[in-house]
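Subject: Structure handover

Hello,

Here is the structure for your files. My notes on what was found follow below.

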Amino acid sequence: MARTVVIEAHGGPEVMKIVDRPVGEPGPGEIRIAHKACGLNFIDVYQREGLYKLALPAALGMEAAGVVEAVGEGVIHLKPGDRAAYSSQPPGAYSEARVMPAAQVCPLPDSISFEEGAAMMLKGLTVDYLFNRTTPIANGDWVLFHAGAGGVGLIACQWARSEGINLIATAGSDAKCQMALDHGALHAINYRTEDFAKRVREITDGRGVDVVMDSVGKDTFEGSLNSLRPLGMMISFGNASGPVPPVDLLALASRGSLKITRPTLFTHIADHATCQEMAGRLFSKVASGSVRIEIGQHFRLDQVAEAHRALEARKTTGSTILTL
């Protein structure tokens with residue numbers, strides 16, 4: 001049996017409960033993993049609320065790190081006793097242990113702690129596909145990144161610096177802006193006190209940025225479009241402030257033939273080999289010191305509701321993990 005966070009109805013943080021669930025043995029293509037730490041992400045909130053529907057009752061959590069206890073038939077990249085980390089479907093990472101598909105579980109280098117592994121997989125792999133797999137971004141290009149002091153944002157700031165990319169971060173306080181600057185952002189804008197689109201134009205001498213990476217959604221979408229240069233790319237990859245309303249495609253034309261995409265991590269890592277390749281790039285960045293994983297908050301598993309409330313209130317910085 002393993003303590004597991006489940007929901008029986010969609011709703012607020014109060015719908016989450018901890019139950020004892022049988023773990024069982026892995027079948028073909030599966031592993032059993034005992035978790036050491038679990039990551040917290042906005043996708044968990046979307047699934048809990050019902051923005052992303054789950055069949056109920058459902059376990060929550062998409063990211064964790066731990067030790068492989070058993071492997072099923074056909075699993076060759078992992079063995080019992082291996083350290084491992086993942087961001088993967090189906091949900092269920094908020095647990096002491098689970099049986100799950102093995103393909104997107106990655107061997108975790110000894111130089112990276114379990115807590116770092118739990119804090120970095122979904123966020124770090126997201127940064128990898130944003131910078132390497134969505135649209136060409138070269139040394140010297142300009143990127144606007146919203147929520148620059150969050151878990152994804154702090155990794156993105158460091159990743160951009162390591163690649164010679166000019167990143168402009170936004171955040172909701174001067175202290176968070178300073179965090180983004182300390183982690184490699186070239187400029188940081190407090191969106192609560194400044195018009196970020198106007199400031200972006202000033203920073204880029206009126207040109208606009210090549211790419212916007214926006215996980216905030218409804219509140220920043222219009223300003224994000226206004227920050228792009230002609231032929232620029234808008235990457236909308238989250239909905240922290242709510243879903244983006246329907247888009248008038250003519251608005252893209254009038255702003256200079258803009259491009260827009262709405263990717264998800266799980267499309268990019270669906271292929272086993274691609275997932276392992278992406279994880280390899282992330283691990284190399286962390287092992288080399290180019291990217292440092294900032295864990296701003298620790299909560300026990302039984303404090304999961306408190307953790308969700310802090311994340312939704314934007315009171316967190318860096319990554320948040322649940323300890324076991």
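**Helices across the sheet**

Helix H4 (residues 174–182) lies across strand E10 (166–171) and E11, and runs at about 165 degrees to E11. Contact here means heavy atoms within 4.5 Å. Axes are lines fitted to C-alpha atoms, for helices over the stretch in contact, and angles run from 0 to 180 degrees between N-to-C directions. Helices (H or I, at least four residues) and strands (E, at least two) are DSSP runs, numbered from the N terminus.

This is a predicted model: local features need pLDDT of at least 70, side-chain atom pairs count only at pLDDT 80 or more, and totals for chains, interfaces and linings use all residues. Residues are numbered from 1 along each chain as its sequence is written, and side-chain values use heavy atoms, with hydrogens and water left out.

Helix H5 (residues 196–203) lies across strand E9 (142–145), E10, E11, strand E12 (209–214) and E13. H5 runs at about 155 degrees to E11.

**The sheet**

The sheet is open and has six strands, in the order E11-E10-E9-E12-E13-E14. Pairing is parallel; two strands pair if DSSP finds at least two bridges between them. Strand E11 (187–190) and strand E14 (259–261) are the edges, each pairing on one side only. The twist averages 15 degrees from one strand to the next. Strand E13 (residues 228–236) pairs with E14 over three bridges. Methionine 234 stands opposite isoleucine 260 in E14.

**Serine 224**

Serine 224 lies in helix H6 (residues 221–226). Its relative accessibility is 0%, so serine 224 counts as buried (under 20% relative accessible area, with a 1.4 Å probe and protein chains only). Serine 224 touches His146, Phe196, Val212, Asp214 and Met234, leaving aside residues up to four places away in sequence.

**Helix H1**

Six of the eight residues of helix H1 (residues 42–49) are buried, so H1 is largely enclosed by the rest of the structure. The buried residues are Ile43, Asp44, Val45, Tyr46, Gln47 and Arg48. They pack against several elements, among them strand E1 (2–7), strand E2 (16–21) and helix H10 (304–312). Just after H1, glycine 50 takes a positive phi of about 100 degrees.

**H2 and H3**

Helix H2 (residues 114–132) packs on helix H3 (residues 151–163) at about 45 degrees, with the axes 9 Å apart. The contact residues include Phe131 of H2 and Trp159 of H3.

Best regards

How values were computed
Buried < 20%, exposed > 50% of the residue type's maximum accessible area, 1.4 Å probe, protein only.
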